Amino acid sequence: AFVRLLEKIRPELVIIDSLATFHSKEENSRSEIQSVMEKVKQLREQFGCTFLFISHSNKFAFQAAKEGQEPTVAEMAGSIALPAAAETVLTVQKRPSGGSSVYHTKSTLAQKTKTFGILVEDANDGIVVRGVN
């Protein structure tokens with residue numbers, strides 16, 4: 001059904017929120033997650049679209065954030081196969097002062113960008129995303 005939907009709409013961007021609900025494989029099994037990601041790469045090539053997955057952090061990420069450490073791909077929930085398969089990983093953390101910090105924690109295509117701040121606000125016709133210091 002998913003493939004038929006991609007064939008019908010031919011999207012440029014597919015957002016999956018969340019990765020854990022997208023598949024039925026064991027989240028901590030590298031081989032099972034790797035098979036899911038290989039299928040996603042096939043779909044990306046077949047339909048010429050980008051896949052953006054929302055994934056959650058593991059319990060160690062919260063302690064690292066409290067200690068002021070920048071996030072790493074090792075703090076993604078589930079198997080290390082997830083960030084290994086990704087070309088780009090952005091990690092978003094809520095700021096105590098409001099808004100969020102976006103960390104570019106992995107890039108295989110280009111140089112990583114510096115950390116930046118964003119604020120997402122509701123608007124009459126959707127949302128507004130603003131850069132913040």
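**Exercise 1. Work out whether phenylalanine 2 is buried, partly exposed or exposed.**

Step 1. Start with the cut-offs: a residue is buried under 20% relative accessible area, exposed over 50%, and partly exposed in between (1.4 Å probe, protein chains only).

Step 2. Phenylalanine 2 has a relative accessibility of 29%, so it counts as partly exposed.

Step 3. A word on the model you are viewing: it is predicted, local features need pLDDT of at least 70, side-chain atom pairs count only at pLDDT 80 or more, and totals for chains, interfaces and linings use all residues. Residues are numbered from 1 along each chain as its sequence is written, and side-chain values use heavy atoms, with hydrogens and water left out.

**Exercise 2. Find the aromatic partners of phenylalanine 2 and describe each pair.**

Step 1. Know the rule: rings of Phe, Tyr and Trp (its six-membered ring) pair if their centres lie within 6.5 Å; planes under 30 degrees apart count as stacked, over 60 as edge-to-face and the rest as tilted. The rule gives a count of 4 aromatic pairs.

Step 2. Take phenylalanine 22: its pair with phenylalanine 2 is edge-to-face, at 5.6 Å centre to centre and 80° between the planes. This pair links distant parts of the chain, 20 residues apart, with phenylalanine 2 in helix α1 (residues 2-9) and phenylalanine 22 in the loop between β1 and α2 (30-47). Helices (H or I, at least four residues) and strands (E, at least two) are DSSP runs, numbered from the N terminus. With a relative accessible area of 27%, phenylalanine 22 is partly exposed.

Step 3. Now take phenylalanine 51: its pair with phenylalanine 2 is tilted, at 6.5 Å centre to centre and 55° between the planes. Phenylalanine 51 lies in strand β2 and phenylalanine 2 in helix α1, so this pair ties together parts that are 49 residues apart in sequence. Phenylalanine 51 is buried, at a relative accessible area of 14%.

**Exercise 3. Say which elements the protein chain has and in what order they run.**

Step 1. Count them: there are 4 helices and 6 strands.

Step 2. Read from the N terminus, and the order is α-β-α-β-α-α-β-β-β-β.

Step 3. For the overall picture, the C-alpha atoms fill a box of roughly 45 × 40 × 30 Å along the principal axes. Of the 133 residues in the chain, 32% are buried.

**Exercise 4. Describe where glutamine 93 sits and what it touches.**

Step 1. Locate glutamine 93 in strand β3 (residues 88-94).

Step 2. Its relative accessibility is 16%, so glutamine 93 counts as buried.

Step 3. List its contacts (heavy atoms within 4.5 Å). Neighbours within four places in sequence aside, glutamine 93 is in contact with Ala65, Pro71, Ser100, Ser101 and Tyr103.

**Exercise 5. Look around helix α3 and describe what is found at its start and just after it.**

Step 1. Helix α3 covers residues 59-66, and at its start a side-chain oxygen of asparagine 58 comes to within 3.1 Å of the backbone nitrogen of phenylalanine 60.

Step 2. Just after α3, glycine 68 has a positive phi of about 80°.

Methods:
A polar contact is a pair of N or O atoms within 3.5 Å; within protein, one must be able to donate a hydrogen and the other to accept it, and residues adjacent in sequence count only if both atoms are side-chain atoms.
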